[in-house]
4 protein chains.
Amino acid sequence: MTKVAIAGASGYSGEELVRLLLRHPEVEITAVTSRQYAGKTCAEVFPKFAHLEAARRIPFILPDAEELARLAEYVFLALPHGVAAELAVPLLEKGCRVLDLSADFRLRSAATYLEFYGKEHPAPELLSQAIYGQPENYRAQLKDAKLVACAGCYPTSILVPLIPLIKAGVIEPEGIIADSLSGVSGAGRKADMPFIYCECNESARPYGIPKHRHLSEIEQELSLAAGRQILMQFTPHLIPLNRGILTTFYITPSRRVTDAKTAAECSQELYRTYQDAYGEESFIRIYGDEGLPDTKNTLMSNVVEIGWKVDPRTGRIILLSAIDNLTRGASGQAIQCFNLMAGYPETTGLL
Amino acid sequence: MTKVAIAGASGYSGEELVRLLLRHPEVEITAVTSRQYAGKTCAEVFPKFAHLEAARRIPFILPDAEELARLAEYVFLALPHGVAAELAVPLLEKGCRVLDLSADFRLRSAATYLEFYGKEHPAPELLSQAIYGQPENYRAQLKDAKLVACAGCYPTSILVPLIPLIKAGVIEPEGIIADSLSGVSGAGRKADMPFIYCECNESARPYGIPKHRHLSEIEQELSLAAGRQILMQFTPHLIPLNRGILTTFYITPSRRVTDAKTAAECSQELYRTYQDAYGEESFIRIYGDEGLPDTKNTLMSNVVEIGWKVDPRTGRIILLSAIDNLTRGASGQAIQCFNLMAGYPETTGLL
Amino acid sequence: MTKVAIAGASGYSGEELVRLLLRHPEVEITAVTSRQYAGKTCAEVFPKFAHLEAARRIPFILPDAEELARLAEYVFLALPHGVAAELAVPLLEKGCRVLDLSADFRLRSAATYLEFYGKEHPAPELLSQAIYGQPENYRAQLKDAKLVACAGCYPTSILVPLIPLIKAGVIEPEGIIADSLSGVSGAGRKADMPFIYCECNESARPYGIPKHRHLSEIEQELSLAAGRQILMQFTPHLIPLNRGILTTFYITPSRRVTDAKTAAECSQELYRTYQDAYGEESFIRIYGDEGLPDTKNTLMSNVVEIGWKVDPRTGRIILLSAIDNLTRGASGQAIQCFNLMAGYPETTGLL
Amino acid sequence: MTKVAIAGASGYSGEELVRLLLRHPEVEITAVTSRQYAGKTCAEVFPKFAHLEAARRIPFILPDAEELARLAEYVFLALPHGVAAELAVPLLEKGCRVLDLSADFRLRSAATYLEFYGKEHPAPELLSQAIYGQPENYRAQLKDAKLVACAGCYPTSILVPLIPLIKAGVIEPEGIIADSLSGVSGAGRKADMPFIYCECNESARPYGIPKHRHLSEIEQELSLAAGRQILMQFTPHLIPLNRGILTTFYITPSRRVTDAKTAAECSQELYRTYQDAYGEESFIRIYGDEGLPDTKNTLMSNVVEIGWKVDPRTGRIILLSAIDNLTRGASGQAIQCFNLMAGYPETTGLL
């Protein structure tokens, strides 16, 4: 059994880590942290887990690096950005392997961090050693990673579908539009007015446009895939779901599509590209052009759904992806990274 | 045109007052108050009203009694309890007629206020002159009222159906159970953790039992109707609706019900009693035993729906009511009171 | 009082016509039709309207043209496409003025109807005389119209924002993308599996892509505005709302945007264009780049909300609109057309 | 690996059986049936399971008893009542052990079946051998059962909390009221008008009162527990949840409660009674009087939550329970029964 701890377990992605790791057959959760709940057990804070024997034993403790390093080999950080880096530094020094779910180590450039997050990076020296926590595309590097910067929720819904297409050169990397819809848990467990029930129910609205923070991370990864600097359009919306992100992409294919025949050829090329890239993957569901993603099919699952239509009228690819923002967009994907790091089969605890 | 003002217009019942009074043909809203929004117009704070010419003129001001009294003859208070009384006192002194939507003046006894609200009543000398703002049952007194204590949302859903039955003696006033379901707007526009979207969506839960504050007001009015002290059971629940209260009552009829025939007679007696009490009312919808209330049929309406089944197996009456907690449970009913006070037809602006 | 009838009043847009016309001060609803409910009153079929005296009188009758023509001067058709045309023909012959909410008369070309609706147009001879029911852009023609083809819900959310920009030449009419989110009432009151509660709640999904029927109508009108044939990309999605359409547009401005300064200039040009086109309109809310549309601000209102951001990084305009699909997207807009036809102030019954 | 089949896998409880049994470590699903989907695989019908290797192999077949008996030792029936019995008879004859999730074998009396279900029982000879599928209270008998009549969803939410209290004599078995709120999946995957999204969203309403079919099963079991014939009041409501039942009970304790002290004693007696009955149970969560059930804490879990308040004012116990209607109310509980029958630890596949 590998000993793990979760720092910041009282938020939604922390709670999702608890949910999944309690059922992980190779893991023992030795501690979880929360300033608010220190002294209680996991079962007391989350009645929903109280029937699980382990939950009645796991203590909430204060977020102390020394204590965490004593208790666990792997520490998941489900903390606000900024706060996560402060804890990551001492944890790494003490020899822990760290999986950070915040944005703190996702960017390779401290300047980009400053531009998008509005403050100096708290530990720029670590940026170069962090591995981006997107297993399908960083599998090899993750195995030996000391510090994993788990991919964000929107970035996951965007990068998993786009990277193979860009790498294979079947789409134009420029001019891509990603129009995303997110459930409200994406905003975290925060008592802020825009997120109270009556402000979200029966509401659909955009926010954070045109330059949402996640763009920094998305464009970094797309640029790496394309081999040159890429800009993209990203429009997040809030809709009345608990969980789920649906992203609709508008993309120009590399081969020109002008009619039904070229559209079908383009569609087949997409299908082959995904087969090559993800044909053996356990968590990627390719609908091709015969089905369409739906967030409800990803609920509490680590799967990324991908589907598309090639439009012979406009020549564009309409690509779609669906994920659960808390599972694949945060905690499930983090555990997938952990499995790679710890040498367990990648799907352990996630099926 | 009668000049009115609304103190505390940034909460949900304040906003609902704005929505309704903007369309009231005999009213001019001269000011609304909010510490947070003072200096803006109603249209700026509520984009949803910005296409209405009046909303672009109505200013948000600070809650100053002198200024309010200068601007308006009638002042609606949509403020937290305690705060409402503080403003009501000087407004009354300056000659305004006040419609208070808080709980401050609903109880006749300052001791009961202390018991249920946990602090000394801020203006006990006014309790005796306040008229309870439940028009169907206090119509005569409301006409000349200076201070109206508008009935609460749960109390309205409970008292409107019960009072005629108790007064007519067709039910046992003892032992009544009211099991209520409320939409989340009932908690107000408050950024508190239990009311954020993901804590309410896909959740049904009781709260505030067994002694919710509204019991004080409900039992006061039931006792007045019965002519003796009455206790009742009241169980509020929160369910994922924006608006609406559904109350299910369990009641013992005065005449014994033992079979289908006596059940039918009991049902007819209920029907006659309601016809006598509410047959001429504009806002009471009596389904009898042939239909059942549904909150969605009361959305944004001042109607109280009432239906029932008499159970020949158990001998009980299962009575049901549905209202919109913000319209009939707060602002619509307050305007109905206002119409009475100002001498307008009672339904003005409410159909 | 002008006498009107509603054919097909049992669906959602029919019910919304009833809701609005019951409150219209210049209108008497003399009959509504439904094969299922013929013989009942409006109050019996819709308990929510039963407290309105008129609703207790209005009869549901069979959809007979002769009877409708006898009872009403204006007939609203809230019927499925195909069925609407069959009733429109005899009603027009008998001298009624007809407002059709179906798709039957929206297309000028019977060939396009065949292409998109899969059957021969039932009354092609009427296509040339139908006026497109989008008041802000067809006001003059609507005044004398005998037959109004009310704009569809998605088309309204798309055309109202786009037409002034295209006419003024400030955007490229080619390559526009409209990504729309619709509440479930857009599918009508139909007992189909994809629309039952548990299939829609906690679900976000695209459908009908890449060639939804409404494209025919949208492209027809955009082409008329541009003076040449225009194709566009349209991606509808279903999200868990009762009512509302939010459309996000991706548009290339005519003037090149490369930095913050040119983006600001472009934004000002959009603002001026909308001021010129809609500055005097009662039902168009222009946020400019300082606010963003939200479906909840249009609930049960005839308003179209429009906002935008010009992105200096990508050079694109992100334009957004929000409407209530049943009010502005169907019945409210139909009544706005009716007001024009009947010579009433355009906002009558709609504020 | 034990071979099991599921008849009627296309409904919600069938799908929930598939979800849970795919993850059950001791089970192989060899076939699932559906007239509509025969010939497809489980992965084709339910994309959400397509990433699981087993789902890609499991065939949908026609509901043929011979074939099912050839393929499986245990057959779960997730079919409408009436239809279930028709398949159960030949399956039992061929030696299968049958877990029926319908109401067909829950009643011991064919006359009661006729009274509540309106038709003759299709296989009355089997009623005496069926074991009621409520594991906490029928554990011993379930081990050797050939035919299990899995408890209904409402009955589970009602009987699990009540039976220990009645058996221990700490409450009056007469006069109990159970007021239940159910999510819409309780109505099944049926394309009926009352269950389409817009009829359920923003709606709270009672139905099936005062004599819902589940009363027959509830009263049978309460009467067995009490040792005499018991009647109870049961009021189901539909609220906008996908999953979940919250039941609020109104109960008279056996010992008289008149003040805070006797209320506390009553509460302690309840606590002791539950500890005696369920203290060792894995799936019963007792809040006592310090917490309150919430459906969201039972989502996709086999747990029954129980909490209460004893009201010193009215002398009543307000008891509450929460379950997931599809997991504990149907498929999870059926698997708990199966584990008992097959000799696996009772929690296998359910934690």
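Two strands pair if DSSP finds at least two bridges between them, and strands (E, at least two residues) and helices (H or I, at least four residues) are DSSP runs that are numbered from the N terminus.

The structure is a predicted model, in which local features need pLDDT of at least 70 and side-chain atom pairs count only at pLDDT 80 or more, while totals for chains, interfaces and linings use all residues. Residues are numbered from 1 along each chain as its sequence is written, chains are lettered from A and ligands numbered from 1 in the order in which they are written, and side-chain values use heavy atoms, with hydrogens and water left out.

**Sheets in chains C and D**

- Strands of a sheet pair through backbone hydrogen bonds, either parallel or antiparallel.
- In chain C, 7 strands make up an open sheet with mixed pairing, in the order β9-β10-β8-β11-β14-β13-β12, and its edge strands, β9 (205-206) and β12 (284-288), each pair on one side only.
- β12(C) and strand β13 (residues 304-310) of chain C run parallel and are joined by 4 bridges.
- Chain D has an open sheet of 7 strands in the order β9-β10-β8-β11-β14-β13-β12, and the pairing is mixed; here the edge strands are β9 (205-206) and β12 (284-288) of chain D, each of which pairs on one side only.
- Between β12(D) and the parallel strand β13 (residues 304-310) of chain D there are 4 bridges, and I286(D) has I306(D) as its bridge partner in β13(D).

**Helices of chain D**

- Helix α11 (residues 260-278) of chain D lies across β12, β13 and β14 (317-323) of that chain and runs at about 160° to β13(D), where axes are lines fitted to C-alpha atoms, for helices over the stretch in contact, and angles run from 0 to 180 degrees between N-to-C directions.
- The axes of helix α6 (residues 110-117) and helix α10 (residues 214-226) of chain D come within 9 Å and cross at roughly 145°.
- In contact terms (heavy atoms within 4.5 Å), T112(D), F116(D) and Y117(D) of α6(D) meet H214(D), L215(D) and S216(D) of α10(D).

**Domains and a pocket in chain A**

- The domain assignment, which is automatic or comes from a database, gives chain A a domain 1 (2-151 + 329-342) and a domain 2 (154-324).
- The centres of these two domains of chain A, taken over C-alpha atoms, are separated by 26 Å, and 26 residues of domain 1 are in contact with 28 residues of domain 2.
- Because both domains of chain A give residues to the lining of the second largest pocket, this pocket lies between them.
- Of the 48 residues that line the second largest pocket, the closest to its centre are L79(A), P80(A), A187(A), G188(A) and K190(A). On a 1 Å grid over the protein atoms alone, a pocket is an open set of points where a 1.4 Å probe fits, with protein on both sides within 12 Å along at least five of seven lines, and lining residues have an atom within 4 Å of a point.

**Backbone details**

- The peptide bond from I209(A) to P210(A) is cis, with omega near 5°, and P210(A) sits in the loop between β9 (205-206) and α10 (214-226) of chain A.
- M300(A), in the loop between β12 (284-288) and β13 (304-310) of chain A, has a phi near 60°, which is a positive value in a residue other than glycine.
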